[in-house]
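Here are a few exercises to work through with the structure in view. Try each task yourself before you read its solution.

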Amino acid sequence: MAQYVDFVAAMEYNSRMENNVVKSNAGVAASAVGIACNTALAAAKIVVGLLTGLVSVTADGFNNLSDCGSSVVSLVSFKVSAKPADKEHPYGHRLAEYIAAMITGFFVLFLAVELVRDSIEKLVAGEYGSTPRFVFIVLGASVVIKAGMFVFYRATAKKIDSDALRAAATDSICDCAATAAAAIGVVVLRFTGFPADSIAGLLVALFIVWQGLKILLEACSKLLGQAPAKETLDKIRDIALSHEGVLGLHDLRVYSYGKGVSFATAHIEMDAALPALASHTVVDAVEREVEQKLNITLTAHLDPVDLADEDALETEIKVRDIVESAAEGAELHDFRIIRGVATRAVFDVGVPFSCKKPNDVISDEIGEKVRALGFEPVITVDRE
């Protein structure tokens with residue numbers, strides 16, 4: 001039986017490794033397409049902008065150049081992310097994708113600041129460029145190409161579940177709007193003489209600032225340890241509670257080291273009267289099912305609950321009411337009575353991060369009421 005379980009685990013591991021390679025190759029190919037398209041668009045627009053003096057076209061060209069840089073960074077990140085775990089990086093290299101996004105965000109912001117400065121200088125100086133017909137050809141072709149890249153990126157991102165390519169898809173459709181703004185500015189300048197070109201260039205530059213900040217903040221959030229989706233937590237709880245003998249689950253925490261590399265810890269409550277081997281078998285089954293269905297490596301701790309101690313069960317109900325009234329969303333778990341010279345009530349209190357009341361205040365309020373019941377409280381307050 002043990003050999004069969006090991007065989008199944010090995011097959012699942014190999015399947016995940018093959019899937020990672022396929023995703024990496026698809027990501028590299030998509031990034032290569034982005035490099036080629038954005039390089040061509042950037043070169044065409046920057047040359048046209050410099051020849052005609054149209055700052056909005058030049059700004060849009062630098063926008064495409066930043067996209068090219070983003071594609072290069074994404075390509076490298078896909079290569080690095082696909083590397084297997086090693087001695088120095090036992091959790092793999094999947095966080096490279098978020099580091100790449102941060103580098104891209106800084107690069108985009110740097111270019112945007114330069115474009116803002118250039119647009120303001122030309123607006124103040126009153127330098128207006130010429131508008132030959134080929135300018136509109138370049139801008140029109142850019143809108144078509146960027147729309148095609150949006151469709152391509154979105155389809156590939158959906159196929160391989162890539163945040164980097166989803167960001168690239170959003171960026172591409174936004175580039176269509178930026179190029180359209182540049183084209184409108186050129187048209188207004190040509191037919192009215194109003195400096196709409198410089199204004200459009202400034203708007204495009206500010207738009208790039210917004211895009212850069214969004215990329216940077218999202219990447220920082222994930223690197224700092226973004227909270228897992230509620231759906232993921234609910235699925236883990238449902239799997240645990242579906243196993244016979246499991247009374248409850250608490251202290252569930254999920255840690256992500258990039259796409260497809262997640263770990264979790266949890267406490268599983270079971271009847272203390274059950275044989276240790278039987279409880280251990282159930283906990284193992286929960287861990288295995290979470291791994292198979294959610295691709296999350298779960299490490300579960302067994303919490304025995306004495307269902308035969310009626311006095312402790314009655315006291316737990318009273319203490320639970322005290323805990324729930326102390327703070328909105330507070331929960332009681334790991335409750336047990338330790339009898340001796342002084343009878344102690346030992347328990348944990350889970351409090352949501354949204355609760356503004358300090359931990360020590362919550363502990364003091366609960367402790368005072370528990371002492372009134374005749375128990376010496378030993379309380380641990382956790383933010384969950």
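**Exercise 1. Work out how helices α2 and α4 run relative to each other.**

Solution. α2 and α4 are roughly parallel to each other, a label for angles under 35 degrees, with over 145 being roughly antiparallel, 65 to 115 roughly perpendicular and the rest oblique. Let's check that. The axes of α2 (residues 55-81) and α4 (residues 133-160) cross at roughly 25° and come within 13 Å. Axes here are lines fitted to C-alpha atoms, for helices over the stretch in contact, with angles from 0 to 180 degrees between N-to-C directions. Helices are DSSP runs of H or I with at least four residues, strands are runs of E with at least two, and both are numbered from the N terminus.

A quick word on the source: this is a predicted model, where local features need pLDDT of at least 70 and side-chain atom pairs count only at pLDDT 80 or more, while totals for chains, interfaces and linings use all residues. Residues are numbered from 1 along each chain as its sequence is written, and side-chain values use heavy atoms, leaving out hydrogens and water.

**Exercise 2. Look at the salt bridge between Asp311 and Arg339, and say where its two ends sit.**

Solution. First, the bridge: the two side chains meet at 3.3 Å, N to O, inside the rule of a Lys or Arg side-chain nitrogen within 4 Å of an Asp or Glu carboxyl oxygen. Next, the places: Asp311 is in helix α9 (residues 310-326), and Arg339 is in the loop between β4 (331-338) and β5 (344-351), 28 residues apart.

**Exercise 3. Decide whether Glu316 and Arg320 are buried or partly exposed.**

Solution. These side chains form a salt bridge too, at 2.7 Å, N to O. Glu316 has a relative accessible area of 17%, so this residue is buried (under 20%; exposed is over 50%, partly exposed in between, with a 1.4 Å probe and protein chains only). Arg320, at 29%, is partly exposed.
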